[in-house]
Amino acid sequence: MKRLIIRKKSRKNFITYGIVLVAYIALMAVVSAGAMPSALQGLLVPMCAYIIAALSLNLTVGVLGELSLGHAGFMSVGAFTGCTAAMALADSGLPVWGRMIVAVVVGSLLAAAAGVIVGVPVLRLQGDYLAIVTLAFGEIIKTVVTNLYIGIDPNGLRFGFLKPDIGLGKGGRMIVNGPNGISGITKISSLTAGFIIIMLCLVIIFNLVDSHSGRAIMALRDNRIAAESVGINATKYKLMAFVISAAMAGAAGALYALSQNTVTANKFDFNTSILILVFVVLGGLGNMLGSIVAATVLYILPETWLRQFSDYRMLIYAVVLILMMLITNSSKVRMLLAKLLPHKKSAEKEGEADA
Amino acid sequence: MSFINNLINGISLGSVYAIIALGYTMVYGIAKMLNFAHGDIIMVGAYICFFVCSGAGLSPILGILAAVLVCTVLGIVIEQLAYKPLRQVTSLAVLITAIGVSYFLQNAAQLLWTSNPRIFPAIFGNGGVQLGGDLTIPYKTLVTIGACVIIMVALILFTGKTRTGKAMRACSEDKDAAQLMGININSTISLTFAIGSALAAIAGVLLCAAYPKLIPTTGSMPGIKAFTAAVFGGIGSIPGAFLGGILLGVIEIFSSAYLSTELANAIVFLVLIVILLVKPTGLLGKKISEKV
Amino acid sequence: MPELKFEKGKMVPVPSHSIIPERDLGHAPVLECSHLGVDFGGLRAVNDFNFTIGKTEIAGLIGPNGAGKTTVFNLLTKVYNPTRGTILLNGMDTHGKTTVQINKMGIARTFQNIRLFSNLSVEDNVKIGLHNQKKYSTIEGILRLPSYWKTEKEAHERAMELLSIFNMEYMANWRAGNLPYGAQRRLEIVRALATDPCLLLLDEPAAGMNPAETAELMENIVKIRDKFQIAVLLIEHDMKLVMGICEGICVLNFGEVIAKGTAEDIRSNPTVIEAYLGKRGAE
């Protein structure tokens, strides 16, 4: 049963900001006290990157209502361009945070550009056809990046496609090395950077949703024909949501890449797109806090708690995923569970499907 | 000569895609869901055939039969356990469940059969039909193309002429109305999954006869490509899936032969995008128009 | 006596701006359709549709099921592009315009099968109708600049004012999809009015309403016309409503106009009776 009355969004938004802030402070306290296991510490920044990716995909799937199966492609664009920018500026004397900002900004802008290139044709299609074309674009981006060579020498950046020989001058070095991706990355991203980007994304999404543009986007989701009849330009607002979403994914990619030693194009394949989609769907469409929680739990779970099951962990992960979908979506399964666990109140959860 | 060879190879690969795509399309047409676990059923089918032929040393025909049988049962079991409880909910929830099933099958295969590649036996022999000059068509290619054509014709006849086939089409148009007309929705959907999975098993065997390296993720990429092929031809349409599969195979082989091996996949997807922009519901898909 | 004007060397009557020439209100017409038609494949869904409606006129479009009434609405709002003929809105040709541009030019509509933004609140549905009267950009919205707060406050007040037409202010925070049927139809009218139209198209506004609700709706349609000084064109099967408030009625059958006139004319027109009841009934 959907809620009859829609409460003011602002309160829920502030709760989300609050939870993220408290989580950040708590994590920083644990890290600075040295109480964080090193295995877990290395997961914090990628976790932030996945949270951002999930938030951005929720804008496309939950708010705009279009299924995208190629979201990792935009992360890839952000990761490779952002990382290239950061590495090209390594000797420029720019402080670490300065390079980080440049990397994230470059990553988002180029991912946004990719968003425009993909969005213009894709958003003319509908439903599953749109989904398959986003998948196709994701694969194309992966192939292009796999065959991309970028190097730097005193004359500036040099690019090559398909052939590794890009004619680097004296003192030049390769940055992006085709199928081997980028290696020897200076890990300049940090939990604080991740936190700031998450907060920025939340502010952008919440403020967008609660403005005339956001309402136009949701109107298109609920009923395109009616939206056009009240004068809403479908292409413009669909593209707006899609491009903002792509830009955020680009930021997530840059953040992620700069927390790793190496990144390759294969890291951002169809499976990654699907992983992010799983976060979004399990967290609830349009529910940003849900995306954050789902991304956190589902990213950390296989790496920590499920470790004890060693070889079986991904199998258990799959079973958990299926069971979660069955429990949250099927009343029959819920009733069955309630019978099996008579002492426990049924795990009924009110679906919060709306932004 | 190499052109004709490439063409034959393309049609052969395309036939495998087409058989997978036919399964996708049947399931999509009736359950209105993208069954992402379909590709992994291909892998299971190939493994079963491998163990029966190479492991137990039985005849390939028994291997294929065993693969079809196991996959059919597997398909029905998956449908009953994972998809049936979700029949009334949004397609997105079912999609995620299908992804869960896909993870499950891949990881179960990894545990059972390890990730060491197995080399699939040449079950159709290594010979071929001599066509003059240096042009030979291997038996496996002939079998693949023949199987694909037979399957497509059989499916068209089945859905068009038989009672059960008509019930399937009725279900795909409107489940509620079909139910009111006395059609058993549950058994019809189960049957569709059974047919789709049996096709996947056959496709798995044919795929591995052509590309013998067998690992737990063998089915993933062909699964995605066949899904692309189904959309290419117009998802829900049986001739569309056939046409889409063949075209995809030919485009893939030609682009890797004449343009670039590295970019072959990208070119395949690029062609798909262009086709969908010109024909937004695929080559043979029904035009969707919303009544205002 | 009709007004005359000089054209091509002779005196000709000035074309009337109303459905019924005798009732010409002296205003320029808000909408003029001439020889409008559309084919779907071989089917002539609408053919040679000539129609004008005055600035503050309430007109009805009636006809048996499948006569092409909704198709006319879809042609006017460019959901379909006409195969033939022209549509002038306030004297401007609407050829080549899109649905969005048509709305900006002043036509707003409701739908036969209700099309609300059902996951959003009632207030947001109305605010979406106010979309093109916004006074801040997306960036200003995200940054929450003063223009955002000012416009949003105005939008809230305007939405409440519009909802008050149907006494629906107390429903502002309800989820639109959960409203009772009648309220959903009324909300569609409010949303259409929010776009500040000069011509309001209502597609079966009274469908599914009980007689009391219909009577109230009739009052409200007249009230809306008087308050906003707009033209209203409505499709309706409830003859009480049509005969009660429409100043002019146009009857369609098989995509062609078979009669035009006042309620009186239509009631006694043998062709109309035949169209509705068949040949035997007309005798």
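At what angle do helix H3 (residues 122–129) of chain C and helix H5 (residues 146–163) of chain C pack, and how many Å apart are their axes? The angle is about 105 degrees and the axes are 9 Å apart. Keep in mind that this is a predicted model.

**Chain C: the H3–H5 packing**

- With an angle of about 105 degrees, H3(C) and H5(C) are therefore roughly perpendicular to each other.
- On the H3(C) side, the contact uses Glu123(C), Val126(C) and Lys127(C). H5(C) answers with Ala155(C), Ala159(C), Leu162(C) and Leu163(C).
- Sort the residues of this H3(C)–H5(C) contact by class and you get five nonpolar, two charged and no polar ones.

**Chain C: a six-stranded sheet**

- Chain C has an open sheet of six strands, in the order S8-S9-S10-S5-S11-S12, and its pairing is mixed.
- At the edges sit strand S8 (107–109) and strand S12 (256–261) of chain C, each pairing on one side only.
- Going from one strand to the next, the twist averages 20 degrees.
- Inside the sheet, strand S9 (residues 199–203) and strand S10 (residues 231–235) of chain C run parallel and are joined by five bridges. To find your way in, look at Leu199(C), whose bridge partner in S10(C) is Ala231(C).
- Helix H1 (residues 69–76) of chain C packs on this sheet. H1(C) touches strand S5 (58–62), S8, S9, S10 and strand S11 (248–253) of chain C, and its direction makes about 145 degrees with that of S9(C).

**Chain A: overall build**

- Chain A contains 13 helices and three strands.
- Its radius of gyration is 21 Å, close to the 20 Å that the globule rule gives for 355 residues, so chain A is as compact as a globular protein of that length.
- Along the principal axes, the C-alpha atoms of chain A fill a box of roughly 70 × 55 × 35 Å.

**Chain A: a three-stranded sheet**

- The three strands of this open sheet come in the order S2-S1-S3 (chain A), with antiparallel pairing.
- Strand S2 (156–161) and strand S3 (173–177) of chain A each have a single partner strand, so one side of each is left without a neighbour in the sheet.
- Neighbouring strands here are turned by 20 degrees against each other on average, if you ignore direction.
- Strand S1 (residues 148–153) of chain A pairs with S2(A) in the antiparallel sense over six bridges. The two form a hairpin, with two residues between them.

- Chain B has 11 helices and four strands.
- The radius of gyration of chain B is 19 Å, close to the 19 Å that the globule rule gives for 292 residues, so chain B is as compact as a globular protein of that length.
- The box filled by the C-alpha atoms of chain B is roughly 60 × 45 × 35 Å, taken along the principal axes.
- Helix H10 (residues 238–259) and helix H11 (residues 264–278) of chain B pack at about 135 degrees, with their axes 9 Å apart. That makes H10(B) oblique to H11(B), and their crossing is right-handed.
- H10(B) brings Leu248(B), Ile251(B), Glu252(B), Ser255(B), Ser256(B) and Leu259(B) to the contact, while H11(B) brings Ala264(B), Ile267(B), Val268(B) and Val271(B).
- By class, the residues of this H10(B)–H11(B) contact are seven nonpolar, two polar and one charged.

**Where chains A and B touch**

- This contact takes 36 residues from chain A and 38 residues from chain B.
- On the chain A side, helix H5 (127–146), helix H10 (270–283), helix H12 (313–329) and helix H13 (331–340) each supply at least two residues.
- H12(A) gives the largest share of that side, 10 residues.
- The side of chain A that touches chain B has 26 nonpolar, five polar and five charged residues.

Terms used: Residues are numbered from 1 along each chain as its sequence is written. Chains are lettered from A and ligands numbered from 1 in the order in which they are written. This is a predicted model: local features need pLDDT of at least 70, side-chain atom pairs count only at pLDDT 80 or more; totals for chains, interfaces and linings use all residues. Axes are lines fitted to C-alpha atoms, for helices over the stretch in contact, and angles run from 0 to 180 degrees between N-to-C directions. Angles under 35 degrees count as roughly parallel, over 145 as roughly antiparallel, 65 to 115 as roughly perpendicular and the rest as oblique. A crossing is left-handed if the near helix is turned anticlockwise from the far one by less than a right angle, and right-handed if clockwise. Two residues are in contact if their C-beta atoms, placed from the backbone, lie within 7 Å. Ala, Val, Leu, Ile, Met, Phe, Trp, Tyr, Cys and Pro count as nonpolar, Asp, Glu, Lys and Arg as charged, and the others, Gly among them, as polar. Two strands pair if DSSP finds at least two bridges between them. The radius of gyration is taken over C-alpha atoms; the globule rule is 2.2 Å times the number of residues to the power 0.38.
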